[in-house]
Amino acid sequence: MHSRKRERSVVEAWRRHSPGGSSRGAILQALAAREIAPARAGPSGAAAWGSLACFGVESEFDMHDPEALRLFRLPQLRRRSKVIEIVCSDDVVVALTLSGVACAFKDGRRVAFLNVTPDEMVRSVLFNRRSASFVTVSTYRADHFSSLHCRSTLVEWVRRGEPEAGLPIFQQEELRWPGFVEFDEVSCRAVTFSAADRTYGIWELANFSLLFRLRDPEIAEVKAAARNALLVVHRRKADAMRVQVLSIADGTSLHDLEHPLSAARVSRIELFDDRLLVQQEGGPIRITDVRTRATFQVAAGQLQAPSSTLHLYERSLFLAVSQRALAVFSLQGDRLLGLEDHTLWCDGESAMSNLYVTTAQDFVLSYCARPNTDRRAGGTINVSSLRTGECVAKLAAGAPLPELADVTALSFSEARSELYVGSRKGSLFVWSLFGVAAGDSREAKPAWPLDEGATPHSPTPSPPHSPPTFP
């Protein structure tokens, strides 16, 4: 994906395997971060969106090919497992299954497994555009899957089928439970936490050099937040919680505040631009301007127990997922719009893996349920405007398609105008206009109006305002 594909590209990879570990926070953050892509040079993919209804399956890959089991001897291939994550560079696509198999495909063929030993279980994959490499976070049977191991593999090595040429990173860090590693491509930083000495490390993503460390036993959480800021949350007191905003470049303090709390547990805390979002169980989202200390609140009834929030940092807005619905909010807490004809297939963590936000952050692709239809028939892929709420295009709007019967992950390459869909059975489908049979009568029509001055081959202009930057 693109260089800011992960707004908060979290790979807290203790999900699914660690004793006593909670999967919810890690998966939510990883998947949420995955879906926010930045603007970049090159085609915007608008022409492909306009012809979405004419897409067909170009290729299908089975992650559990018996021949692959014989050749690569990966025990995880003995049973089927759903695809949970799809990551792509400009020409290589990597699909990851729940069982820990990461497989790379290019031009309609499998080129490599990123598991370089039979006992390796890949927990998450990141495309690091700064170094043109795939970063994998894995655990190994040799140490009872008790610690994280990170590796950076150049895309060129993957193309050549040589993933074993990848280089280990963060070797000096002891990433045992409850340690973690978190990536943020917006700021091009990585955050590690070594539980042995309760030390946080902040790293440069381009070359994985250490920038600085944070050592304070009172720190409860550290997050890469806005483009040049680090959110540091301290252990709560009875009725307040200390929150710091640090420079992500050198750790200098930018803002320091005591946030008042009720007795309820804090269920969500995020920093979007210069706005701190805090939610406690059973309560609304409270928003504080860290510069002026002005406070706002999402009105009661506008947002019920959101399962996740995504920062639309290019537009100074945020997207909230709640009860299988999406809505766009301002950073003052005002609900700006909901999406029409749009009911997500599921809620919570699974819904996040079935979303893709475009580079200009003005459209979202999502796997949606058909109204009043047996779920066994599968759903549709909807394209909805994040400016108007309109559903502007839909794949499988007519008869159900078997390839969309049980989608567990999706992604889109705007460079190649290809849609990638993963299934519960471990299959990866590549959709494109090339997948439409010759003579097909379906006609490609523009799916939405372009902004003035934009063409189907140029990015839609971004809003005139830009997110504030910290001094």
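User: How many of the residues of strand S12 (residues 189-194) are buried?

Analyst: Six of its six residues are buried, so strand S12 is mostly covered, where buried means under 20% relative accessible area, exposed over 50% and partly exposed in between, with a 1.4 Å probe and protein chains only. Strands (E, at least two residues) are DSSP runs numbered from the N terminus. This is a predicted model, in which local features need pLDDT of at least 70, side-chain atom pairs count only at pLDDT 80 or more, and totals for chains, interfaces and linings use all residues. Residues are numbered from 1 along each chain as its sequence is written, and side-chain values use heavy atoms, with hydrogens and water left out.

User: Which residues lie on each side of S12?

Analyst: In a regular strand the side chains alternate between the two faces of the sheet. Here Arg 189, Val 191 and Phe 193 are buried on one side of S12, and Ala 190, Thr 192 and Ser 194 are buried on the other.

User: Which strands pair with S12, and in what sense?

Analyst: Two strands pair if DSSP finds at least two bridges between them. S12 pairs in the antiparallel sense with S11 (residues 180-184) over five bridges, and with S13 (residues 199-204), also antiparallel, over six bridges. Val 181 stands opposite Thr 192 in S12, while Arg 189 stands opposite Glu 204 in S13.

User: Which residues take a positive phi in the two hairpins?

Analyst: In the hairpin of S11 and S12, with four residues between the strands, Cys 188 has a positive phi near 55 degrees; in that of S12 and S13, which also has four residues between the strands, Arg 198 has a positive phi near 50 degrees.
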